[in-house]
Amino acid sequence: MIRIGGRPAYDRQNMSTAHTPSILSHATRLVTALHAALVVLVLASAVRYLTGHGFGDRGPWVLIGAVVLLATYGAYRLLPSRVWLALLVVEWCVLVLLAPSFAWCAVPLSFVALRILSFRPACLVVAGMVVVTVVQWTRMTDRLDPTIVLGPVCVAVLAVGAYRALERDALARQALLDELHAAQGDLADAQHQAGVMAERARLSREIHDSVAQGFSSINLLLQAAESEWDVKPAAAREHAAQAAATARDGLDEARRVVRDLAPAELAAGLPEALRRSCERLAAHSALDVRVQVQGTPVTLDSEVETALLRTARGALANVLEHAHAETAVVTLTYHPDAVVLDVVDNGRGLPRSHVKIDSDRGHGLAGIRERLRQLGGTLVLESEPGDGTALAASIPLRATPEHS
């Protein structure tokens with residue numbers, strides 16, 4: 001069965017909706033470190049306060065604030081990212097006003113801001129936390145200590161500057177990758193166009209040297225027969241007979257040209273053509289494609305082999321583009337009365353509303369179905385969301401077994 005997973009739309013709405021990507025938005029290991037660092041610092045700050053001041057008038061509020069801060073931090077999957085960050089910063093400011101020890105929590109919170117916000121808004125948030133830290137520590141010591149002012153400022157500048165450099169490096173790398181992909185696409189287009197032009201030139205030569213010249217000969221023979229029909233009936237009949245023979249030869253030539261339009265890989269047989277196509281696909285993608293042949297191979301009409309090969313290619317193209325699958329299995333089965341092509345993938349599947357073949361799901365499946373219908377074949381699509389997709393193409397078998 002041919003599994004062609006539906007294409008999950010790229011979920012841009014879950015990426016903080018239409019604003020510039022953050023500096024650390026994809027640093028998954030750093031996210032884990034941030035979780036651990038914030039929890040440790042909040043707990044350490046609470047213990048330090050209680051050790052130094054006891055469970056006095058501010059003690060309960062400090063503990064409540066620490067619990068609320070950790071609870072809010074744990075709710076990052078439930079709230080919009082910017083709202084979540086704003087709550088964290090506000091709660092942290094309140095805690096710093098109650099207990100300056102919590103100022104150390106500004107370090108992981110700064111990285112949270114860098115991860116969620118784009119560069120300029122993140123800098124503003126970091127600068128605001130630095131100001132709160134400096135003001136609160138200055139109030140606690142009752143004097144303006146240069147180290148208290150310059151320490152947080154230097155840490156913030158170094159952190160933001162380092163990740164600004166990382167961001168620019170990442171953007172430069174992405175630009176190079178985009179240019180490489182664009183160049184590869186242009187090269188593929190150029191190669192395709194060159195192939196199209198070469199094929200057109202070949203077909204032009206074939207038609208000119210065979211069919212067109214045959215028509216020209218038929219026209220001349222018929223003109224000669226017409227001019228001699230009354231005076232030389234025997235010669236006229238001979239010309240007409242030659243024109244008929246030339247027409248038969250031209251018909252054979254036209255059929256040969258049409259037959260040559262089949263994919264060149266089919267010269268080695270349909271199973272081998274499928275293997276080669278799948279090997280090329282696997283070599284240029286992360287998709288693991290396997291080919292299986294069941295039953296006794298038979299000689300098929302060129303139109304049937306071409307339809308099955310192009311069906312497999314179209315199905316695998318859908319798997320690669322839409323399904324986000326890791327593996328796909330192509331199975332060619334020869335039954336006594338039909339040949340069946342199945343392609344199965346382990347991708348994301350299709351929504352139930354799109355499983356019917358008659359649904360408006362682009363021109364790919366519609367083209368496959370129409371090609372099979374012209375040969376008396378059928379197309380069946382089966383899919384479950386999250387459990388891959390299966391598409392089976394079946395064509396009645398009108399062939400004789402291969403002879404070795």
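Helix H4 spans residues 106-116 and is mostly covered. Ten of its eleven residues are buried, where buried means under 20% relative accessible area with a 1.4 Å probe, protein chains only. Among them are Ala106, Pro108, Leu109, Phe111 and Arg115. Helices (H or I, at least four residues) and strands (E, at least two) are DSSP runs, numbered from the N terminus.

The model is predicted; local features need pLDDT of at least 70, side-chain atom pairs count only at pLDDT 80 or more, and totals for chains, interfaces and linings use all residues. Residues are numbered from 1 along each chain as its sequence is written, and side-chain values use heavy atoms, without hydrogens or water.

The protein holds ten helices and seven strands. Of its 404 residues, 36% are buried. Contact means heavy atoms within 4.5 Å. Among contacts between residues at least 6 apart in sequence, 70% join residues at least 24 apart.

Five strands form an open sheet, in the order E1-E3-E4-E6-E5, with mixed pairing. Two strands pair if DSSP finds at least two bridges between them. Strands E1 (288-294) and E5 (378-383) are the edges, and each pairs on one side only. Strand E4 (338-345) pairs with strand E6 (389-396) in the antiparallel sense, over seven bridges. Asp342 stands opposite Ala392 in E6.

Two helices pack on this sheet. Helix H8 (270-283) touches E1, E3 and E4, and its direction makes about 170° with that of E1. Helix H9 (302-323) touches E1, E3, E4 and E6, and its direction makes about 10° with that of E4. Axes are lines fitted to C-alpha atoms, for helices over the stretch in contact; angles run from 0 to 180 degrees between N-to-C directions.

Technical notes:
Buried < 20%, exposed > 50% of the residue type's maximum accessible area, 1.4 Å probe, protein only.
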